[in-house]
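Open the model in your viewer and keep the sequence panel beside it. We will go from stop to stop, selecting a few residues each time.

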Amino acid sequence: AAARRTLDVFDSYRERGVNARFDLIPARSGGIIAFYDLAFYLDQWVQQCGGSLAAFAGRLQDTAYRGEIVDYMREGKFFPFNYAANPEWDTRLVVLSHANSAYEKRTVKQIADANGTDGYEALMLITAEDVRARVDFDIRPDDIVREVFLNHPDATTGPDTFYFDLNPPFPARDDEAGMTASYGTYSSYIYYLNRYPLIPLERKILKASGAAARALGLSDRGTLECGKKADILVFDPLSLRDNQNGGNPAVYPTGMDFVLINGVAAVENGVPSGASSGRVLRRAKQG
């Protein structure tokens, strides 16, 4: 209902002649860099321990101290994990690696249910047992919400990330390889949105190509026509997999056979060629 009300507001401005546009993040997550260390989310308490994970781990052995953190979270003061703002946060926070392997590939809610407690106490338990635990926070919206937005005739898609050189480490942090969306945004888009059979594959592709080009005023690309830039993707929808891996974002999709950018193959037979034929595009002036 909220999604439809949002689109009603959008449509009202379009009807008044406003050149309003919106896009949808097509992958399961967005952003320019992912932080998988659970302690990253609890940094305000880590800093109270002088920024030392070892000191923080030591304090977490004190159940009274853990109780103080839980009480603070239950008061709704902690945005990342907040039942009022995001009632399902504990179903979307998945443990990737942990000293206790029984926690791995399980959500915080599953661990909480197994221990007869709530997500906040389970969070403290997970951290106390392994302060270097790694997690993945799945931020994708409800499927119904996504379908409502995607079905809108003016919807386009955008990856909500950026791309960088394949060889050097990620410029912000030497130990991070960026975000999964940087490696598999549109493979994820096609693969996961196949769950919506009422939206033809051709229309899904158009929202990520021709419709997006029109929205940006790019008349020389976006569709397969003579005289336009040869930005071409050849894929097999039956073998397409995004292969997204929260523990290691730098994993390429399978099923993407050829990718041509400005007529130059960036991917050949599923293997990145290393060619750099892309360029910065500037939005055309309106009117």
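Select Tyr13, which sits in helix α1 (residues 2–15). Helices here are DSSP runs of H or I with at least four residues, strands are runs of E with at least two, and both are numbered from the N terminus. This is a predicted model, in which local features need pLDDT of at least 70, side-chain atom pairs count only at pLDDT 80 or more, and totals for chains, interfaces and linings use all residues. Residues are numbered from 1 along each chain as its sequence is written, and side-chain values use heavy atoms, with hydrogens and water left out.

Is Tyr13 buried, partly exposed or exposed? Its relative accessibility is 39%, so Tyr13 counts as partly exposed. Buried means under 20% relative accessible area, exposed means over 50%, and partly exposed is in between (1.4 Å probe, protein chains only).

Select T156 in strand β4 (residues 155–157). T156 has 10% relative accessibility, so it counts as buried. Which residues does T156 contact, leaving aside its neighbours within four places in sequence? They are F22, D23, L24, K207, A211 and A212, where contact means heavy atoms within 4.5 Å. Now show the backbone of F22: its oxygen lies 3.2 Å from a polar atom of the T156 side chain.

Then select H152, in the loop between α9 (143–150) and β4. H152 is buried too, because its relative accessibility is 8%. Not counting residues up to four places away in sequence, H152 touches L7, F10, D11, F22 and K207.

**Next stop: K105**

Move to the loop between β2 (93–97) and α7 (108–114), where you will find K105. With a relative accessible area of 75%, K105 is exposed. Leaving aside neighbours within four places in sequence, K105 is in contact with V94, V95 and Q110.

**Next stop: a sheet**

Colour β5, β6, β7 and β8, which form an open sheet of four strands in that order, with antiparallel pairing. Why is one side of β5 (232–235) and of β8 (271–272) left without a neighbour in the sheet? These two strands stand at the edges, each with a single partner strand, so one side of each has no neighbour there. Two strands pair if DSSP finds at least two bridges between them.

Follow the pairs across the sheet:

- β5 and β6 (residues 256–261) pair over four bridges; F235 stands opposite M256 in β6.
- β6 and β7 also pair over four bridges, and the bridge partner of F258 is E268 in β7.
- β7 (residues 264–268) and β8 pair over two bridges, with P272 in β8 as the bridge partner of V267.

Zoom in on the hairpin of β6 and β7, which has two residues between the strands: N262 takes a positive phi near 55 degrees there.

**Last stop: salt bridges**

The structure holds 11 salt bridges, each a side-chain nitrogen of Lys or Arg within 4 Å of a carboxyl oxygen of Asp or Glu. Select E121 and R74, whose closest N and O atoms are 3.2 Å apart. This pair links distant parts of the chain: E121 is in helix α8 (residues 119–129) and R74 in helix α5 (residues 63–74), 47 residues apart. E121 is partly exposed, at 38% relative accessible area, and R74 is partly exposed at 42%.

Next, select E75 and K77, a salt bridge with its closest N and O atoms 2.8 Å apart. E75 is exposed, with a relative accessible area of 52%.

Technical notes
A polar contact is a pair of N or O atoms within 3.5 Å; within protein, one must be able to donate a hydrogen and the other to accept it, and residues adjacent in sequence count only if both atoms are side-chain atoms.
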